[in-house]
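Biologist: I would like a close look at one part of this model, the helix packing. Please keep it brisk and give the cut-offs as you go.

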Amino acid sequence: MDLAAFARFGIVLVRPGALLLMAPGFGGQTVPMLTRVALTVLLALSLAPLVTMPAGPDAGIALTVARESAIGLALGMTARALMAGAELAGHLCSQQIGFSYAATVNPDGGARNTMLATLYGLVAAVAWLGINGHHLLLRALASSYESLPIGGGGIDPSLVVAIREILGVVFVTGIRLASPVISVLLLVEVALGLISRTVPSLHALVVGTSVRLAVGLGVAAITLAAVPGLTRTLAERVIALGASLAAGFR
């Protein structure tokens, strides 16, 4: 039995396994662990002919595994940035509408999310799969072995720039999706304030809650339809940012 061959294959498993841990649609808690393990093994078997193992142990096994994990997580986390941006939009909308009081447990990530944040995130994940974003991710994984072969390495200063750009994608996506709801509800608040000053006998708190809920959900339903288009627009950029982030572990 060639134990060295098993060790080499074990190293090949690390990068696709780390990617699947964070990949949209495959890395959530709703995906059974055995399914993720089977997908990791299938990916490793498919990628094994493309992978060139180092001739000699230029780095310790722990350093090699840590670098492979970092590259896989970088590719998966960057794709996850679109879902994070959509969830941020849901959080902002829920805060304005008043849904932040009823937080539910997100079945995909395990964090406590509002209903709208969970809905926006799931729509973005379905849109990602609908535009074959997972195919783009797998191509980026395969090409990463050419630019970032298995072995030791270090941290490049470009990692900071890549992280900054990814965080920019998250915040810009969330604000772009939530801005219509925030703007409309701001006008509603101003209108309700003027009405309450004009008609003091009107219970502005009771009426305002119902109006805010109805208007906010209506505008949120309209903006929710923009999530698939925005996901399609940012898919290529997100994959490129993932490659840049992974390149920080040269």
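Is the crossing of helix 5 and helix 8 right-handed or left-handed?

Modeller: The crossing of helix 5 and helix 8 is right-handed. A crossing is left-handed if the near helix is turned anticlockwise from the far one by less than a right angle, and right-handed if clockwise. First, the ground rules. This is a predicted model, in which local features need pLDDT of at least 70 and side-chain atom pairs pLDDT 80 or more, while totals for chains, interfaces and linings use all residues. Residues are numbered from 1 along each chain as its sequence is written, and side-chain values use heavy atoms, with hydrogens and water left out. Helices are DSSP runs of H or I, at least four residues, numbered from the N terminus.

Two packed helices are described by the angle between their axes and the distance between the axes. Axes are lines fitted to C-alpha atoms over the stretch in contact, and angles run from 0 to 180 degrees between N-to-C directions.

Helix 5 spans residues 133–147 and helix 8 spans residues 227–247. Their axes come within 10 Å and cross at roughly 20 degrees. Helix 5 and helix 8 are therefore roughly parallel; angles under 35 degrees count as roughly parallel, over 145 as roughly antiparallel, 65 to 115 as roughly perpendicular and the rest as oblique. L136, L137 and A140 of helix 5 make the contact with A235, E236 and I239 of helix 8. Contact means heavy atoms within 4.5 Å. By class, this contact of helix 5 with helix 8 has five nonpolar, no polar and one charged. Ala, Val, Leu, Ile, Met, Phe, Trp, Tyr, Cys and Pro count as nonpolar, Asp, Glu, Lys and Arg as charged, and the others, Gly among them, as polar.

Helix 8 also packs on helix 3, residues 61–97. Here the angle is about 155 degrees, with the axes 8 Å apart. Helix 3 and helix 8 are therefore roughly antiparallel. This crossing is right-handed. From helix 3, residues including I71, L75 and L82 meet residues of helix 8, among them L234, A235 and V238. The contact of helix 3 with helix 8 holds 12 nonpolar, three polar and no charged residues.

Helix 3 has a further partner in helix 6, residues 158–198. The axes of helix 3 and helix 6 come within 7 Å and cross at roughly 25 degrees. That makes helix 3 roughly parallel to helix 6. Their crossing is right-handed.

Methods
Helix = DSSP H or I, 4+ residues; strand = E, 2+ residues; numbered from the N terminus.
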